[in-house]
Amino acid sequence: MRKKRGKLVVRHGPMWSDKTTWLIAQMADLPSLAFKPSIDNRYTDKAVLRSHTGAEEEAVLVDKHKPKLLWDKVKSGRVDRVIIDETNFFDDRLIKVINKIISSGIDVFAAGLLLDSDRKEFGPTKKLSRMADEVIEGRARCDFRYANGFCLSPAKYTFAKAKKSGQLVVGAADLYGAACEEHYHLLHVTKEKNGQWLNRLRLPKRVKLTAEVKTYLTNLKLPYLRRPLKFSESRFPRIEVGADTMRVGKTTAVKVLGQELKSRGLPVKVSFEDWRHNPHLTKSYKDSSLAILNSQKWFAKRKYEQLHLGAKKAIWIQDVHPEMDFCYALTNLILGRMTLKHFKDYAEYFYSFDWAHLPAADALLYLTASDEVVIARAKKNLRPFETIENDYFIVMKRVNQAWLAGTKYLLDVVVMPVNTDNFNFATSKGAKQKLAKKVLKKLAELGWRY
Ligand SMILES: [Zn+2]
């Protein structure tokens, strides 16, 4: 005899948290009917539930956009328990269908991902968890490996091992892994993907790389891996500001953002790029590779000190993140302003700092502008000692963008388009407020509600 009302039990967790194994175990003692969305053909095309460990049970494939078919099957059969796998792939109509099934006195056991690999809500799983009678939070093993073995912290996130084209990309071990809070940021991008930055670098045709430089760059890793701090309401967020190039309004954005946040009563500490104290900077514009090397080394060291210091009791805003410093140097190598020998020296120096133990920005504000705006702004705002041609800015933009393409999977980035005519932080009140609003919105998404 059927109950008046069935119950809903939901298990969610990252990939590799034994969700399907758990579902299969629920099928052991009662006449059950199992469903899964037809998008999922990772292990088999047969209509079965198949766990990562290889256990199998028969299942009905349902078009992910037609969860109603699930109800049609249930009401025409003799079933005491309904099993649903991969709830994340269905749309919200699944909720209604599940309500119908429960109302008819049948228990439903459902499992799926709560979050996709970008840690965004994935399908109706969260809503199902809220209405469930029982929720089980599955955890997997973190894929991060220390020298002496795997990380032992429970993994609650799925990370992507390769760039994917959208949320609904089905994949298994080749594409996804599981990570704990601390290591998600370190794992959520592949080594290959980091290495593919050279393909993403769309240099102007007139810029030619020597064969030697090209070979070197093919193996060069761009810097991404600083350590993200755990979110806590009791600490203040760290914001860093970068841009396509110099002269697009970074420093102004830093000032304006600082003022706007202060005017809202928030404690703020701003850390500017310390170019005024760099004894090598003026010389470096006279096209001496050695002077550029010295100047870039000075910036790397200074930036390390600034980041190390940070701010404890205020929102901290850093003008120019160290990876952008690295991109400056790289631009000089690509344009032949810095010799390969000097750049290697620089890269070795840069990586000799213990960046991996410095906190990454909680949010990176990144200013971007069209090539025309970049050039127009560059010409307008030159410091007296700067003698630079257009290519310098265009190449710098390409390098920074190549870096950003690999970084936006690791960091929370706020991209701010800059336009000389109608969007000027320095003068427009509206623009100032928009900038602050965008950053505050990102911080709120991350958990800081000011
Ligand atoms: Zn871990």
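Tutor: This is a predicted model. Begin with valine 10, which has 26 other C-beta atoms within 10 Å and is therefore buried. The cut-off for that class is 20 or more.

Student: Where is valine 10 found, and which residues does valine 10 touch beyond its sequence neighbours?

Tutor: Valine 10 is part of strand E1, residues 8-12. Setting aside residues up to four places away in sequence, valine 10 touches Ala110, Leu128, Ser129, Ala132 and Val135.

Student: How should I read a nonpolar core?

Tutor: In soluble globular proteins, nonpolar side chains tend to be buried together. Here the largest nonpolar core has 65 residues, and the members that touch the most others are Ile239, Ala253, Leu257, Leu365, Leu435 and Val439. H15 supplies the largest share of this core, nine residues. A second, separate core has 30 residues, including Ile84, Phe89, Leu94 and Phe109.

Student: Which residues are in contact with leucine 365, leaving aside its neighbours within four places in sequence?

Tutor: Leucine 365 is in contact with Ile239, Val241, Ala253, Val414, Met416 and Val439.

Student: What describes a pair of packed helices?

Tutor: Two packed helices are described by the angle between their axes and the distance between the axes. Take H11, residues 289-309, and H12, residues 322-334: the angle is about 170 degrees and the axes are 9 Å apart. H11 and H12 are therefore roughly antiparallel to each other. The H11 side of the contact consists of Ile292, Gln296, Phe299, Ala300, Lys303, Tyr304 and Leu307, and the H12 side of Pro322, Asp325, Tyr328, Ala329 and Asn332. By class, the residues of this contact are eight nonpolar, two polar and two charged.

Student: At what angle do H14 and H15 cross, and is the crossing right-handed or left-handed?

Tutor: The axes of H14, residues 371-380, and H15, residues 390-407, cross at roughly 135 degrees and come within 10 Å. H14 and H15 are therefore oblique to each other, since roughly antiparallel requires an angle over 145. Their crossing is right-handed. Asp371, Val374, Ile375 and Ala378 of H14 make the contact with Asn390, Phe393, Ile394 and Lys397 of H15. Five nonpolar, one polar and two charged residues make up the contact of H14 with H15.

Notes:
Residues are numbered from 1 along each chain as its sequence is written. This is a predicted model: local features need pLDDT of at least 70, side-chain atom pairs count only at pLDDT 80 or more; totals for chains, interfaces and linings use all residues. Axes are lines fitted to C-alpha atoms, for helices over the stretch in contact, and angles run from 0 to 180 degrees between N-to-C directions. Helices (H or I, at least four residues) and strands (E, at least two) are DSSP runs, numbered from the N terminus. Angles under 35 degrees count as roughly parallel, over 145 as roughly antiparallel, 65 to 115 as roughly perpendicular and the rest as oblique. A crossing is left-handed if the near helix is turned anticlockwise from the far one by less than a right angle, and right-handed if clockwise. Two residues are in contact if their C-beta atoms, placed from the backbone, lie within 7 Å. Ala, Val, Leu, Ile, Met, Phe, Trp, Tyr, Cys and Pro count as nonpolar, Asp, Glu, Lys and Arg as charged, and the others, Gly among them, as polar. A nonpolar core is a set of buried Ala, Val, Leu, Ile, Met, Phe, Trp, Tyr and Cys residues joined through C-beta atoms within 7 Å. A residue is buried if 20 or more other C-beta atoms lie within 10 Å of its own, exposed if 12 or fewer, and partly exposed in between; C-beta atoms are placed from the backbone.
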